[in-house]
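I opened this entry to record how pairs of helices pack against each other. Two packed helices are described by the angle between their axes and the distance between the axes.

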Amino acid sequence: MTNYQNLVNGKWKSSENEIAIYSPINQEKLGTVPAMSQAEVDETMKAARAALPAWRDLAPVERAAYLHKAADILERDKEKIGTILAKEVAKGIKAAIGEVVRTADLIRFAAEEGLRITGQAMEGGGFEAASKNKLAVVRREPVGVVLAIAPFNYPVNLSGSKIAPALIAGNVVLFKPPTQGSISGLLLAKAFDEAGIP
């Protein structure tokens, strides 16, 4: 049994309180996860806001490289993550491993799609006749800190589907995995951390 930690500002941290995670299959204790206090959540939000400028300022191709690396790590660790996922949410092992592989594919797709996000130029005459000689330029900007909350039934895939698009767009992510599925979610976070995402 492992006492898992949360990834906060590039460091793995425990909390004073923890939650025991049991398999619904046979009530086997799979490990514990931190139960963050309000002060810890506030510290995490502060760290996320501080990290935003550096992540936002990376070129999309740099952010995409991190995502591709995370996807490769997920694919490499599909058996390990899939095994925990199967036990944690009572899913068949083949389906659980498939979820991890599908998540790696989804992350790669988000990385590539993010490279195609562009702004646009709009002719002024399309919305006001007097503005026909004006040109408006639309530029895509990150929204800031994104909170990703995932459900229990696909704790890796539905987490990745929130995290990867937010990251490629230049946002910083606070990730709250489902309680039943939190170990799988933390293993997903570990892949992003190993990929070097700051």
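**Helix packing**

I looked up helix α3 (residues 78-89) and helix α4 (residues 93-115), which pack at an angle of about 125° with their axes 8 Å apart. The angle makes α3 oblique to α4. I note that the model is predicted, that local features need pLDDT of at least 70 and side-chain atom pairs pLDDT 80 or more, whereas totals for chains, interfaces and linings use all residues. Residues are numbered from 1 along each chain as its sequence is written, and side-chain values use heavy atoms, with hydrogens and water left out.

For my terms, helices are DSSP runs of H or I with at least four residues, numbered from the N terminus. Axes are lines fitted to C-alpha atoms over the stretch in contact, and angles run from 0 to 180 degrees between N-to-C directions. Angles under 35 degrees count as roughly parallel, over 145 as roughly antiparallel, 65 to 115 as roughly perpendicular and the rest as oblique.

The contact (heavy atoms within 4.5 Å) involves K78, E79, I81, G82, T83, L85 and A86 of α3 and I93, A96, I97, E99, V100 and V101 of α4.

I then turned to helix α2 (residues 60-76) and helix α6 (residues 182-194), which pack at about 130° with axes 8 Å apart. This angle makes α2 oblique to α6. Their crossing is right-handed. I found L67, A70, I73, L74 and R76 of α2 meeting L188, A191, F192 and E194 of α6.

Technical notes:
Helix = DSSP H or I, 4+ residues; strand = E, 2+ residues; numbered from the N terminus. Left-handed = near helix turned anticlockwise from the far one by under 90°.
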